[in-house]
Amino acid sequence: MVKLKNKLRQARVFNLEHDRYCTDGKCACTDTVFDGVEPNYATGEHAYVRRPKRINATLRLTDREVKSGLRNTVLKCREIAGAIRLGNIQVLEQTTEEQVPGKRADSSTQGQGSSKSKKNRKSMSAKSDEPAGE
Ligand SMILES: [Zn+2]
């Protein structure tokens, strides 16, 4: 999780690009439908189209606001990264985000055989052949 502070005395809105922000598997975008006339650049003609459209999520920070609990991928977004570089946004805190509380190879705590809480856990494998419903 990330905690950011807006160091400016003005509100800022940051675009959270799907291919950066949503890379942890949770899409935060809004799905909508584009419904309108669009130029066809090949022919120069305009045509009526209706197709799904994805709108990136945004992060809004008001004047000097501190916001915590943000997803780590927020730091990958271009506008945020740029603002951090410029010093307009400060990263107050960054912790590894919602790592599945399973074990990681870098665990250095030894001699603690904590095997509880692993038994009743259903595997979260993304199998698609599970019976849906009920
Ligand atoms: Zn997305």
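Let's start with strand E1, residues 2–6, which pairs with E6 in the antiparallel sense over three bridges. Keep in mind as you look around that this is a predicted model.

E1 and E6 belong to an open sheet of three strands, running in the order E6-E1-E7 with antiparallel pairing. E6 and strand E7 (89–94) are the edge strands, each pairing on one side only. Going from one strand to the next, the twist averages 20 degrees.

Arg64 sits in the loop between strand E5 (57–61) and strand E6 (66–70). Its phi is near 60 degrees, a positive value in a residue that isn't glycine. Most residues other than glycine have a negative phi. Is Arg64 buried or exposed? It counts as exposed, because 12 other C-beta atoms lie within 10 Å, and the cut-off for exposed is 12 or fewer.

Over in strand E3 (residues 30–39) you'll find Phe34. This one is exposed too, because it has 12 C-beta neighbours inside 10 Å. Which residues does Phe34 touch once its neighbours within four places in sequence are left aside? The contacts are Val49, Arg50, Arg51 and Lys53. Take Arg51 from that set: Phe34 and Arg51 are 17 residues apart in sequence, yet their C-alpha atoms are 5.3 Å apart in space.

Definitions and conventions:
Residues are numbered from 1 along each chain as its sequence is written. This is a predicted model: local features need pLDDT of at least 70, side-chain atom pairs count only at pLDDT 80 or more; totals for chains, interfaces and linings use all residues. Helices (H or I, at least four residues) and strands (E, at least two) are DSSP runs, numbered from the N terminus. A residue is buried if 20 or more other C-beta atoms lie within 10 Å of its own, exposed if 12 or fewer, and partly exposed in between; C-beta atoms are placed from the backbone. Two strands pair if DSSP finds at least two bridges between them. Axes are lines fitted to C-alpha atoms, for helices over the stretch in contact, and angles run from 0 to 180 degrees between N-to-C directions. Two residues are in contact if their C-beta atoms, placed from the backbone, lie within 7 Å.
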